[in-house]
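I opened this entry to keep track of what I looked up in the model, item by item. I began with a pair of helices and went on to the ligands, the overall dimensions and the backbone.

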Amino acid sequence: MTLRGLFISFEGIDGAGKSTHIDALAQAFRAQGRAVTLTREPGGTPLAEKLRTLVLNDPMDAMTEALLVFAARRDHLQQVIEPALARAEVVLCDRFTDATFAYQGGGRGFDLNTLSYLEQLVQTTQAPEANFVRQPDLTIWFDLAPEIAAQRLAGVRVPDKFEAQPADFFARVRAGYLARCEAHAQRFARIEADQSREAVWADVLTVFQKQGWLGQVLPA
Ligand SMILES: Nc1ncnc2c1ncn2[C@@H]1O[C@H](COP(=O)(O)OP(=O)(O)OP(=O)(O)O)[C@@H](O)[C@H]1O
Ligand SMILES: Cc1cn([C@H]2C[C@H](O)[C@@H](COP(=O)(O)O)O2)c(=O)[nH]c1=O
């Protein structure tokens, strides 16, 4: 059987629990013989990581922020994501374009039509066919109330520009994710992230097993 590449993104407000499960998923795929590329946005290439530092730390208007995250995304797609998919790898990406719609669109109120235009422009590739717009095959959305996320992050690390935002910003980000989930229901899986780590992990695994992408996974 010919394996095809899989592009999976992980989304949620800051502190929702994405990172807690991405490494374990990478291990599960590797244990089942798949090559995995673990990456993140903004970032994933030397150039995109430089842009990440600017976006997470420097004050700027919402359009500048959107243009920088899409510039980083273009480099990341060209240098890392498309080549890994062409090698039939599993790409596990901590955030992708849904984050731009949620943070710059929902959180900062930037125009959604402009974001859609940039999404088409930046994500158009010639593989697997001419003018194909790359999207994740699956997006796992860790949905968590901003108040719980804030409690989980309190004291864990020094907050960056986004993490320092008030609860109403994250309420708008969460609403942005809900709108994307409803508009792209075929690729979204919403996980109730207010459960224990074990229960969240079980729900995440079930999504992959239902797709037929993972078999039985032994406990770590
Ligand atoms: N189900 C859970 N219950 C309680 N605490 C949790 C749970 N999942 C993760 N945490 C803790 O919450 C904090 C945030 O988790 P994590 O770093 O995985 O979130 P994240 O979504 O990757 O955040 P960010 O996007 O800001 O990097 C960590 O201290 C983690 O140990
Ligand atoms: C891709 C993307 C990300 N952001 C924001 C969301 C987070 O606050 C940070 C990334 O930090 P993390 O700890 O790696 O989750 O960047 C954004 O505003 N727009 C985007 O497109």
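**Helix pair α6 and α7**

I looked up where the two helices touch, and found that P146, E147, A149 and A150 in α6 meet A167, F170, A171 and R174 in α7, contact being taken as C-beta atoms, placed from the backbone, within 7 Å. The residues of this contact divide into 6 nonpolar, no polar and 2 charged; here Ala, Val, Leu, Ile, Met, Phe, Trp, Tyr, Cys and Pro count as nonpolar, Asp, Glu, Lys and Arg as charged, and the others, Gly among them, as polar.

I noted that α6 and helix α7 (residues 167-183) pack at an angle of about 120 degrees with their axes 9 Å apart, where axes are lines fitted to C-alpha atoms over the stretch in contact and angles run from 0 to 180 degrees between N-to-C directions. The two helices are therefore oblique to each other, since angles under 35 degrees count as roughly parallel, over 145 as roughly antiparallel, 65 to 115 as roughly perpendicular and the rest as oblique.

**Basis of the entries**

I kept in mind that this is a predicted model, in which local features need pLDDT of at least 70 and side-chain atom pairs count only at pLDDT 80 or more, while totals for chains, interfaces and linings use all residues. Residues are numbered from 1 along each chain as its sequence is written, and chains are lettered from A and ligands numbered from 1 in the order in which they are written.

**Ligand shells**

Around ligand 1 I found 14 residues, the closest being D14, G17, S19, T20 and R152, with a residue counted if its C-beta atom, placed from the backbone, lies within 6 Å. The elements giving two or more residues to this shell are α1 (18-31), α6 (146-153) and α8 (197-211), and α1 gives the most, with 3 residues. This shell divides into 4 nonpolar, 6 polar and 4 charged residues.

Around ligand 2 I found 13 residues, of which V69, A99, T100, Y103 and F162 are the closest. Helix α4 (residues 97-107) gives the most to that shell, with 4 residues.

**Chain and backbone**

I recorded 8 helices and 7 strands in the protein chain, helices being DSSP runs of H or I with at least four residues and strands runs of E with at least two, numbered from the N terminus.

I also looked for cis peptide bonds: one joins E41 and P42, with omega about -10 degrees, and P42 lies in the loop between β2 (36-40) and α2 (46-57).
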